[in-house]
Amino acid sequence: MELPVSLRSDPSAYPNKATELSRHSSLFCNFGWATTMAALLQSPPSVSSRWTAIFSPCRVRRCEKLCTVNARREDDYHATLKALQSRGRTPRKSLGQHYMLNHSINEQLVKAAEVKEGDVVLEIGPGTGSLTNALVNSGAMVVAIEKDPHMAMHIGDRFGDTGKVKVLQEDFTRCHIRLHLSSLLGCDGSTGNRPNSTKVVANIPFNITTDVVKQLLPMGDILSQVVLLVQDETALRLVDASLGTSEYRPINIFVNFYSDAEYKFKVPRTNFFPQPNVDGAVVSFKLKQPADYPEISSPKTFFSMVNSAFNGKRKMLRRSLQHFYASDAIEEALSNMGLPTTTDLDLLQMLRDKD
Ligand SMILES: C[S@@+](CC[C@H](N)C(=O)[O-])C[C@H]1O[C@@H](n2cnc3c(N)ncnc32)[C@H](O)[C@@H]1O
């Protein structure tokens, strides 16, 4: 498929607000471009020596009690219960604590992210550490962010002596993840040379999925891939929704703008303890680097515009977008695109479907 003109042209070729707006609008109504924009990933610098310093034992948060759980043991039902009992814990619904009982699913998560020796992996919500264990076994250095202080301490105890896991006891939705990662990696993304070996692999609480996706996907300057176990229905909504259907939402434009997303496999609810009321699924997002994002003047303005247009789906775009541009600029933009001034989002979708 050929890229839309808006993605091929030099930005300096857009002389005024109306053409700039046409560019936004055509980006907005094009959905096929996302899959055609294969991000050219740059060769990773060798990270191993940097990580030796970061993960040296003195940087790992130590807990008073020494490791009581064997890091190599499989995390089945009994091991999970034992780990929880050793901390006097029962799973908390408010923390989305549905622990993975099937080690082969953890291994498939690691495989989906193509984790290799020396990769740095951010894990959100390590819990009892079953996925952490699979990541460590694959040779990764793990930065684990856990909100529950008891489970954070458990991870510190379980993996402290490996020197391969750094635990941060924090709420992911409130922590400044970009700052954490940039300081750990010793980069700020400004060089454009992200290490392709920095990834996110996590079985997250289903209720923070949108927060996680919104925070991580724009981090293509630091991260190469994000692999998440989320609710099956959410996975399908994020990855499979197509334009012209009621499932197509601003989040789909967001996902396609920043990544190439793929639904990997379904995870039946029977694999979790306690069993949730829904099935899970694994989704992979290959992050685009900033240089590969569609050309727009400001992502913030672009996504505000997208949200406004979706909020007034049956309103004429001229009305929905009046907070961003003057009516005549919007009309000119629509006419530049060969569309009537009465166009609304449904009409754009219909036209797109006809193409
Ligand atoms: C679905 S469980 C997964 C546990 C483990 N990774 C596994 O696969 O068994 C989610 C984990 O995320 C933790 N958690 C919940 N909310 C969190 C948040 N906002 N930030 C970080 N961790 C969180 C929970 O305490 C729990 O350990």
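Biologist: Does S130 count as buried or exposed, and at what relative accessibility?

Modeller: The model is a predicted one. S130 has its place in helix α7, residues 130–137. Buried means under 20% relative accessible area. S130 therefore counts as buried, its relative accessibility being 8%.

Biologist: With which side chain does the side chain of S130 form a polar contact, and at what distance?

Modeller: Leaving aside neighbours within four places in sequence, S130 is in contact with D75, M100, N106 and R158. Among these contacts, a polar one joins the side chain of S130 to that of N106, at 3.2 Å.

Biologist: Which polar backbone atom lies 2.8 Å from an oxygen atom of the ligand?

Modeller: The ligand is surrounded by 22 residues, of which the closest are M100, G125, E146, D171 and N203. M100 is also in contact with S130. The polar backbone atom at 2.8 Å from a ligand oxygen belongs to M100.

Biologist: Which residue has a side-chain N or O atom 2.8 Å from a nitrogen atom of the ligand?

Modeller: Two side chains may be set beside each other here. A polar side-chain atom of N203 lies 2.7 Å from an oxygen atom of the ligand. For the ligand nitrogen, the side-chain N or O atom at 2.8 Å is that of D171.

Biologist: Why do the buried residues of helix α5 lie on the same side of α5?

Modeller: In helix α5, residues 77–86, the buried residues include A79, T80, A83 and L84. They are on the same side of α5 because the arc that they cover around the axis is only 135 degrees.

Biologist: Which exposed residues does the face of α5 turned away from its buried side carry?

Modeller: The buried residues of α5 are covered by elements including β1 (99–100), α8 and β8 (272–273). The face turned away from that buried side carries the exposed residues H78, K82 and Q85.

Biologist: At the start of α5, a side-chain oxygen of which residue reaches to within 3.3 Å of the backbone nitrogen of H78?

Modeller: Both ends of α5 can be described. The helix is followed by G88, which has a positive phi near 65 degrees. At the start of α5, the side-chain oxygen within 3.3 Å of the backbone nitrogen of H78 comes from D76.

Biologist: What distance separates the C-alpha atoms of H150 and G88?

Modeller: H150 lies in helix α8, residues 149–159, and α8 is one of the elements that cover the buried residues of α5. G88 follows α5. H150 and G88 are 62 residues apart along the chain, and their C-alpha atoms are separated by 9.0 Å.

Biologist: With which side chain does the side chain of H150 make a polar contact?

Modeller: At 36% relative accessibility, H150 counts as partly exposed. Not counting residues up to four places away in sequence, H150 touches R87 and R89. The polar contact, at 3.4 Å, is with the side chain of R89.

Biologist: Which residues does a cis peptide bond join?

Modeller: P274 is found in the loop between β8 and β9 (280–287). The cis peptide bond, with omega about -15 degrees, joins F273 and P274.

Biologist: What phi does E114 have, although it is not a glycine?

Modeller: E114 is found in the loop between α6 (103–112) and β2 (120–124). At 48% relative accessibility, E114 counts as partly exposed. The phi of E114 is positive, about 50 degrees.

Biologist: What percentage of the residues of the protein chain count as buried?

Modeller: The protein chain has 16 helices and nine strands. Among its contacts with a separation of 6 or more, 74% are between residues 24 or more positions apart. Of its 355 residues, the share that counts as buried is 54%.

Notes:
Residues numbered from 1 in each chain as written. Predicted model: local features only at pLDDT ≥ 70, side-chain atom pairs only at ≥ 80, totals over all residues. Heavy atoms only, no water. Helix = DSSP H or I, 4+ residues; strand = E, 2+ residues; numbered from the N terminus. Buried < 20%, exposed > 50% of the residue type's maximum accessible area, 1.4 Å probe, protein only. Contact = heavy atoms within 4.5 Å. Polar contact = N/O pair within 3.5 Å; in protein donor to acceptor, adjacent residues only side chain to side chain. Arc of directions from axis to C-beta. Near = heavy atom within 4 Å.
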